[in-house]
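User: Hi! I have a model open and would like to see how its labels follow from the numbers. Could you walk me through it?

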Amino acid sequence: MSGHKLNNSDALKFMFAGNSTFTIVNTKTENRFTFKVKKSKDKTSNLFFVSVLTGPDTYTYLGTAVEGVYRHGKKSVVSSEAQSVKVFDYVLNKLKLGKLQDFVEVWHEGTCGKCGRVLTVPSSIENGLGPECIKSLSKQEKRDKFLSLILG
């Protein structure tokens, strides 16, 4: 498999960077699913669209993730009971809790999770985000933490 295995703390950041493509692999069963998670164009929302690879270069819409919570789409042609849907939701919830099992791996495809450019810097290959994109995400995280302290 090309790309790089993400550690659990980097996986969530990568998945919700804005334009990520990643593969979830179960090393016990060798099952794998490749997903795309793309941020909505609305800059004020934390809405992401989730799709799964269903054919060569064909991604099929599954649903949305808002504030890190997956919701199956009413217009999705993939059943909410499909294994790919269950895997995405399961891995997302386990990553949020910091309890993803060692036999489940999240791999990025060698491109930045935010802008989609090919990664070349070793630290960027490690975490899946280019040097400029990780700076902008860090600024957003600091702003969001500040707002949650004020509003929370």
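User: Are Y70 and F88 buried or exposed?

Analyst: Both Y70 and F88 are buried; that label means under 20% relative accessible area, with exposed over 50% and partly exposed in between (1.4 Å probe, protein chains only). A note on the source: this is a predicted model, where local features need pLDDT of at least 70, side-chain atom pairs count only at pLDDT 80 or more, and totals for chains, interfaces and linings use all residues. Residues are numbered from 1 along each chain as its sequence is written, and side-chain values use heavy atoms, leaving out hydrogens and water.

User: How many aromatic pairs are there, and why is the pair Y70 and F88 called edge-to-face?

Analyst: The structure holds 6 aromatic pairs. The ring centres of Y70 and F88 are 5.5 Å apart and their planes stand at 65°, so this pair is edge-to-face. The definition asks for Phe, Tyr or Trp rings (for Trp, the six-membered one) with centres within 6.5 Å; planes under 30 degrees apart are stacked, over 60 edge-to-face, and the rest tilted.

User: Which residues form the aromatic cluster?

Analyst: F22, F33, F35, Y70 and F88 form one cluster.

User: What makes K28 count as lying over the face of F103?

Analyst: K28 is at 4.2 Å from the ring centre of F103. The rule wants NZ of Lys or CZ of Arg within 6 Å of the ring centre and within 35 degrees of the ring normal. K36 likewise lies over the face of Y59, at 4.9 Å from the ring centre.
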